[in-house]
Amino acid sequence: MSGDTANGRPGPKESPKRQRPLKRPRVGWPPALRTLKDLLYEVYLAAGAPSLDEISGDIADDDSLAGSPSRDTVHRVITDGERLGQQADVVAVATVLARRAAWDAPDLAGRVRELWVQAGMAKGAGRPINELRGDVRLVLDGGLGVHPALDTGDASDQFGILPAYIPRDHDTRLKAVVDDAAAGRSGIVVLVGGSSTGKTRALWEALGDLPDSWRLWHPLSPTAPDATLAALADIAPKTVVWLNETQHYLDPDPLGEQVAAGLRELLNDPSRAPVLVVGTLWPEHWNTLTTPGRHPGARALLAGHKVEVPDTFTAADLAALDANDPRLAQAAQHAQGARITQYLAGVPYLMDRYEAARGATLALIHVAMDARRLGAGLHLPLDWLADAAPGYLNDDEYHTLDVNWLTQALAYVTTPCNGIPGILTLVTTSSSPRNQRTRRRPAASGIPSDQPAPHLQGPHYLLADYLEQHGRHHRAETIPPVDFWTASAHHSHPGDLVTLAEAAWARGLARDAAQLRKHATMHGDPGAAIRLVNYFHLHSTDYHAAQWAAVHAAFDGMLEVVELLEALRRAGADEHVTVLAERSITHVALDNTRDICTLLNALRQVGAEGQVAALLARDPAAHAALDDPFHVASLLDVLRRAGAEGQVAALLVRDPATHAALDDPYYVASLLDALRKVEAEGQVAALLARDPATHAGLDNSYSVGRLLNALRRTGADEHVTVLAERSITQVSLDDPGTVAKLLHALWIDGAERHVAALLARDPATHVALDNAGTVAELLDALRRAGAEGQVAALLARDPAAHVALDNAGTVAELLDALRESGAKGQVAALLARDPVAHVALEGEPHAVDWLLESLWRVGAEEHITVLAERLPAVGLFNLFINLEGNWQQFRHGREPDGSAAPSWTWNDLD
């Protein structure tokens with residue numbers, strides 16, 4: 001074994017010649033693979049970025065390692081963001097890098113094995129979509145939310161629970177979005193229409209064109225936004241994100257904006273494509289979410305993705321109805337104004353029942369209507385309804401109220417008719433969500449709430465959505481009585497308290513708003529705490545609100561700490577500023593450099609010098625991670641402004657310039673500026689000595705510009721020249737992926753002269769042709785840039801004859817790129833090399849699935865058949881069974897000889 005040793009452990013080794021580090025892999029899913037690749041890249045940098053030959057040599061010199069990866073495999077282990085590789089190979093690479101970095105090699109190997117297993121077992125959020133297709137009950141109310149149809153006689157037994165679907169004009173636009181997703185492009189579509197107009201059914205029918213390999217994820221528990229945020233990272237490619245009644249995901253403050261940001265990031269991440277986000281909204285909810293002001297993130301997410309669903313059927317739609325189904329025939333005959341879907345959903349029946357209700361029964365309905373329109377969640381606690389209803393009665397009604405009024409009212413409002421649920425429907429609630437990949441998310445700041453959110457006991461009821469919409473229109477100017485607000489403070493879900501408080505405040509009910517905010521603060525809501533403190537500061541000198549907020553408020557991030565500290569300072573509640581400051585410095589994680597910076601700034605602004613000193617005494621400089629130059633720069637800046645010279649010195653002694661990753665030019669620029677401001681000339685020199693201009697990634701033109709400016713301010717003119725020339729003319733032409741990324745960045749930035757300069761170097765004739773994926777990436781970039789001559793030159797070099805065929809994903813990517821470029825001859829040439837006989841299949845389900853789809857798109861049916869025959873033997877029977885015709889033939893499985901297994905039962909087992 002080469003390398004120095006100390007105390008029985010190999011020490012760090014220096015490479016004889018410093019080379020450009022490998023690119024950091026971009027991993028979308030699964031999270032365990034992302035963590036694994038980040039860990040491997042971190043130890044690679046810590047090891048001094050040794051060359052592939054050095055790593056391969058270390059492995060070859062160690063006979064104790066089970067893996068023996070080739071040079072190319074080592075490259076894939078470190079840089080490939082999609083493939084796991086063989087476990088033994090990955091462990092071997094990690095082990096030799098750990099030794100070079102003087103890390104604990106056995107410990108790292110154990111962590112790598114664990115992450116490798118987790119990544120290999122990942123399935124993604126949701127469930128296979130074909131499971132839902134097999135049972136229509138799973139898509140009805142209580143599942144995906146499709147309304148059951150009004151029943152007549154035995155129509156549901158004869159024609160199915162749902163009547164035959166009639167495609168309408170909006171279905172054409174919807175289908176286009178679904179088809180794009182099936183073709184590999186992520187997208188979002190939101191159907192907007194009134195209650196019971198067929199929005200949810202239209203979404204479900206449109207998904208029928210997606211392959212069975214897709215999954216569907218419907219986040220619900222404990223709340224819609226909580227469930228979404230908890231599992232966003234676990235959404236795999238080929239997943240439908242089902243957001244029926246989208247307002248429940250995007251409207252709550254502040255989680256709704258976090259959901260919108262997470263979904264936008266998901267949709268824009270090519271490494272996780274394709275995903276399809278589908279939703280439904282009433283027109284008023286669409287207006288709320290897209291009107292400039294309150295929901296900028298939701299507005300950005302939804303803009304341009306609206307498909308309107310009309311209230312009525314056209315004459316052509318009516319003519320297409322199946323007259324043999326008595327439900328459709330009855331709807332066509334009796335529905336007013338051709339409102340077919342509303343009739344089928346039982347709207348006339350519901351309205352008749354509502355208009356006939358009187359006294360306490362009507363009051364119960366109005367409580368539910370008001371609760372929903374003012375911000376309560378879907379499931380309304382019976383205790384709330386029962387406690388609030390008496391307040392809606394006049395004196396005569398109240399004094400003559402029957403002792404059994406609640407039982408009688410519930411019997412009336414819950415009575416179904418012809419298969420249609422009643423005005424209110426009893427729903428099952430549980431403290432433990434079923435079939436949801438949710439987990440408790442700790443506050444990002446690390447500051448816990450003193451009060452856990454309780455599980456609301458007792459029955460809950462769901463208001464029929466048509467009556468909910470009716471209430472929003474016809475009770476819009478009605479202010480509920482005192483009993484409504486009192487009951488809401490005691491019985492509503494903790495997540496609804498803030499919204500209800502805002503509704504009370506907007507109607508001038510300051511006392512009720514304060515009561516709701518007090519309870520919301522007790523459950524940890526920082527926004528409610530801030531508003532509570534601000535109100536009492538403006539209207540009294542009572543500091544009880546400040547005390548309550550300082551003790552009970554929890555935080556989703558340090559921004560809330562900052563805002564509440566400032567609110568307490570403005571209120572003159574110095575004692576409570578101290579209480580909150582003490583809580584924050586005790587619980588903030590020292591390795592979270594971003595939160596340390598935010599908190600230090602806030603404490604200084606409110607004059608909490610004692611807490612600043614106490615936090616500095618915890619020695620954050622000794623705990624800060626050094627691999628992220630942006631956060632190190634931020635910490636240096638805040639320490640400098642705080643006059644913490646000792647902490648600045650302690651951080652500099654740890655030599656952040658040597659440890660910082662150099663691949664992100666924006667982050668390197670931030671660190672350079674921060675080092676310059678603290679006059680750390682030695683660290684500036686050390687960072688420049690690592691040649692960031694040569695190592696910086698070039699795929700973000702804005703970040704490159706930021707680094708150019710920082711280098712210029714530092715006086716590093718030579719580095720400025722190097723970086724500028726790299727970004728325009730000196731990108732390595734042997735790597736088509738690097739050329740493609742730079743070309744795309746320049747094209748997006750509108751830098752036509754630089755694009756021309758790069759194309760003038762004739763990359764199409766110079767790039768290596770061995771990697772099918774990077775060749776495909778360059779072909780796409782050239783085509784988008786309109787470089788027809790370069791496209792022709794690249795195709796003339798016959799890449800189909802040169803690319804390696806071992807990777808199913810890259811072969812699929814090249815097939816797609818050639819097809820989109822109209823290169824039929826190259827498609828034929830690639831298929832003539834019989835790629836399905838050469839691609840590696842083990843452990844590559846997503847890549848193989850992609851290849852099957854690419855082959856289908858080019859009409860290569862014979863190749864699909866050959867590839868399908870290889871699937872069961874390598875453990876990909878789930879892909880095999882989903883191919884056309886296989887499910888029926890192999891529904892009982894296969895025999896070892898490849899034949900279909902005969903029917904068998906439990907009694908056939910030993």
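Tutor: Keep in mind that this is a predicted model. Where shall we start?

Student: What makes the peptide bond that joins W29 and P30 a cis bond?

Tutor: Look at omega: for the bond between W29 and P30 the angle is about 0 degrees, and the bond is cis. P30 itself sits in the loop between β2 (9-10) and α1 (31-46).

Student: And what is omega for the cis bond that joins A273 and P274?

Tutor: There omega is about -5 degrees. You will find P274 in the loop between α12 (255-267) and β7 (275-281).

Student: Why is D655 called partly exposed?

Tutor: Its relative accessibility is 23%. Buried means under 20% and exposed means over 50%, with partly exposed in between. The value for D655 falls in between, so D655 counts as partly exposed.

Student: What is the phi of D655?

Tutor: About 60 degrees, which is positive although D655 is not a glycine. This residue belongs to the loop between α35 (645-653) and α36 (656-659).

Student: How do you know whether D762 is buried, exposed or partly exposed?

Tutor: Use the cut-offs again: D762 has 25% relative accessibility. That value lies between the 20% and 50% limits, so D762 is partly exposed.

Student: Where is D762, and what is its phi?

Tutor: D762 lies in the loop between α43 (752-760) and α44 (772-784). Its phi is near 55 degrees, a positive value in a residue other than glycine.

Note on methods. Residues numbered from 1 in each chain as written. Predicted model: local features only at pLDDT ≥ 70, side-chain atom pairs only at ≥ 80, totals over all residues. Heavy atoms only, no water. Helix = DSSP H or I, 4+ residues; strand = E, 2+ residues; numbered from the N terminus. Buried < 20%, exposed > 50% of the residue type's maximum accessible area, 1.4 Å probe, protein only.
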